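Okay, thanks everyone for coming. Let me put the structure up and we'll walk through the helix packing, the sheets and the interface.

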Amino acid sequence: MAIDLQYTPRQHALRAEARAWLEANVPREALPSYDTAEGFEAHRRWESKLHSGRWSMVTWPQEYGGRGLDLIEWLIFEEEYYRVDAPGRVNQNGVFLFGPTLMEYGTSEQKSRFLPRLASGADIWAQVWSEPQAGSDLAALRTTAIRDGDDYVINGHKIWSTRAVYADWGFGLFRTDGASERHRGLSYVVVPLRTPGVTVRGIPQLDGESGFAEIFFENARVPVANRIGDEGQGWSIAMATAGFERGLMLRSPARFQRTAQRLIELYRREAQQAAPIDPGVAATVTQCWMDAEAYALSTYMTASRLIAGGSIGAEASLNKIFWSELDLSMHRAALAILGARAELRGLGGGEGSALAKAADEATRWMDGFLFSLAGPIYAGANEIQRNIIAERVLGMPKG
Amino acid sequence: MDFTFDEEQRLAAQSLRDLLTDHCQGSDLRRAADARDLPSFETACATRRARLAELGLTGALVPAEQGGLGLGVVDFVLLAEEAGRAALPEPLIDVEGVAHPLLAALVWAAPGELGDRTLQETLVGSALVLSAAPAPGAAPVRSAAPGTTMLANAAFAQYFLLGRSDDELALYRASDISLTHRESVDPLRRLSEIALTETKPIALVTGSAAASAWQAARARSTVLNAAQLLGLGSRMLEIAVAYSLERKQFGKAIGSNQAVKHSLADVMVKLEFARPVVYAAAATLAPVRVAHAAVAAADAADRAARAAIQVHGAMGYSWEVDLQFYAKRAWALAGLNGGRSAQFLALHQSLLRGELEAQWA
């Protein structure tokens, strides 16, 4: 088959089905932030609602509550999802990182124990990887999980764990061989976050909400049955997860195309006002549209290749750099257009005065901007991605 | 929805790459660039020209019922990328990607013995036909100077497709055209200024048929130039990486420094996100995609040239390194068909009119 950029009737039908369901079910009002106790539970209920329509994990096999969709069908679903500004996925890390890892490396007992509750939103999962001294250099991690009978006893300190403040479970990397160093002696273990010996402390982010947390382990005991894969195999399993994360599924193009669309709407509206817009900002808006489209086309190309039996490689790092910088650029442009309105904090609801509406609009852009600042940092800082591209793709020497 | 090239498309590109690996290396380009006059330039290129003629690409984009291969631009885009990678001096892309299908369109719209015979002569014989789209007055196209038309390789052509405006598509013999040699910054682009004489053309199409033929030719030319820019950028990246491994300072390869790595990684990001845009433009020929492809590829090639020269240090500013051939070709191609500026402006105007929607919205 040569390049064919038309959707098939089956793909159109899926789009129509997703659109109809989402339009009927997406909350009319934006949910409160999932980084608050109230918002977290509202988002958990949304996960459950999605699950009831079998839309919570569309790429998962049917036996685990998914639809067994391929990557192009997933892209179509995501396009519809962002088209209606549906709520953020509070279980993002569970659905896209832990779930696929478990399907590949878990035992059938582990799968039936964790996957259905993950799928329904009964359990929300957080990633428990980084440590104070192990960020970009993840292999420097020190938190130990030492075997004691049928348990692991965990001691140490994890940090920057997204959604961990309110999440139920964490999946993480621990040193099961206390004498080991670097990539060896690590195991992939799942830990309940409300269990004796585990203390979760929220860390307020730039927006003031505790979107991530640090986790202290003091003789916390988890059964050996909570280990995914073999003892000592943790690093390679974690890297497989990192591939999913950076590769394709962490940030679907639709998210950025939707932001680009909102930016264009903002720009077109403001361009009709008396105060002219800086031509540099105008050019940035056009560039953002181009880059959002380029990311979408690139993802369709990668998805087609994967469906045809290829594997994801360097594009994981290329993608990460590209979308994170695009997201930043779009939000910066929006703030530049908003000018003096940009700093206003709204109360939500957007009712009443023109100023209240302007404040709500500004808040959405500012919160998006603050979050976009994290993009070049999380899931492997962009500097690390550039090293990966240079060393593993271009063949340049390790420094 | 399937965004992958098929086996045949990839094999065609590979066979061109193999040919150019043998016959279009930096040393081959240098020999041509050093030629003092037209005959010695032709001598320097003779072997490669002969090999190219044997590739069987003649009439690639001409409809099968007119004696061509009936392929589309999407079948040709990887070949254009290869031509760019090698900074190919021959007008393979201009002829097979643009002029031949334009000639076929003219013959289709205005059947006549002379036009027909010319098509046969260019498809079967070795006659070379080139085209230069008129610079539309109102459109934001920046030509070299008002009323002038520049064309690379014009000195080698036997036929020309020209027009004074988009409403006119005319076929001329080379003997009826006056050419003035002009120097290009790219020593491998044999550039000529073309002047239409008062001679009657061999064949002529006017009105909307001419306009739509020129429009299609411009779209093909823009996409295929973008593909060449993509190839040029990729080649420059490879050259820069190779040099960064070879050149040692402070006792180690300069490519082990993060500043150098990150600069080249960023080039790769630019290239890899221009690539799907160029391919999608080739597959759809939608005006917005075509303009996007032109801008993205020009920017990526520009970034590649800039970074590659910087990595070469003082060598990068010297005539001695072959890198210059690829960089100069990229700079020349980036200005054609209105250049990056006109394409970007077209996109911006579409945006202002509310025409830029995500493909799925």
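Predicted model: local features only at pLDDT ≥ 70, side-chain atom pairs only at ≥ 80, totals over all residues.

As for the hand, H5(B) passes H7(B) in a right-handed crossing.

Who's touching whom here? From H5(B) you've got Ile93(B), Gly97(B), Val98(B), Pro101(B), Leu102(B), Ala105(B), Leu106(B) and Ala109(B), and they meet a set in H7(B) that includes Ala209(B), Ala213(B), Ala217(B) and Leu224(B). Also on the H7(B) side are Arg220(B), Ser221(B) and Gln228(B). By class, that contact has eleven nonpolar residues, three polar and one charged.

E1(B) and E3(B), which is residues 159-162, run parallel and are joined by three bridges.

Chain B has another sheet to show you. This one is open too, with three strands in the order E2-E6-E5 and antiparallel pairing. The edges are E2(B), 149-152, and E5(B), 177-182; each has a single partner strand, so one side of each is left without a neighbour in the sheet. Neighbouring strands here are turned by 35° against each other on average, ignoring direction. E2(B) pairs with E6(B), residues 191-196, in the antiparallel sense over four bridges. A handy landmark is Ala152(B), whose bridge partner in E6(B) is Leu191(B).

Back to helices for a second, still in chain B. Look at H9(B), residues 287-311, and H11(B), residues 339-352: their axes come within 9 Å and cross at roughly 135°. H9(B) and H11(B) are therefore oblique to each other. What's the hand of this one? H9(B) passes H11(B) in a left-handed crossing. H9(B) puts in Val288(B), Ala291(B), His292(B), Ala294(B), Val295(B) and Ala298(B), and H11(B) answers with residues including Arg340(B), Phe344(B), Ala346(B) and Leu347(B). The class breakdown for that contact is eight nonpolar, three polar and one charged.

Over to chain A. I'll begin with the strands around E7(A), residues 212-223. E3(A), residues 151-162, runs antiparallel to E7(A), and nine bridges join the two. Gly156(A) sits opposite Phe217(A) in E7(A). E6(A), residues 198-203, is also joined to E7(A), by six bridges, again antiparallel. There, Val200(A) stands opposite Ile215(A).

Then the helix pair I wanted to flag in chain A: H3(A) and H7(A). Their axes are 8 Å apart and they pack at an angle of about 35°. H3(A) passes H7(A) in a right-handed crossing. On the H3(A) side the contact is made by Leu75(A), Glu78(A), Glu79(A), Tyr81(A), Tyr82(A) and Arg83(A), and on the H7(A) side by Pro253(A), Ala254(A), Arg255(A) and Arg258(A). That splits into five nonpolar and five charged residues, with no polar ones.

Finally, the interface. How many residues of chain A are in contact with chain B? It's 47, against 43 residues on the chain B side. On the chain A side, the elements giving two or more residues are H3(A), H7(A), H8(A), H9(A) and H11(A). The largest share comes from H8(A), with 15 residues. By class, the chain A side has 28 nonpolar, eleven polar and eight charged residues.

And a quick word on confidence before we chat. The model scores ipTM 0.95 and pTM 0.95. For chain B, the mean pLDDT is 93, and 96% of its residues reach 70 or more. Right, that's what I had, so over to you.

Note on methods: Residues numbered from 1 in each chain as written. Chains lettered and ligands numbered in written order. Contact = placed C-beta atoms within 7 Å. Nonpolar A, V, L, I, M, F, W, Y, C, P; charged D, E, K, R; others polar. Pairing = 2+ DSSP bridges. Axes fitted to C-alpha atoms, helices over the stretch in contact; angles between N-to-C directions. Left-handed = near helix turned anticlockwise from the far one by under 90°. pLDDT = per-residue confidence, 0-100. Parallel < 35°, antiparallel > 145°, perpendicular 65-115°, else oblique.
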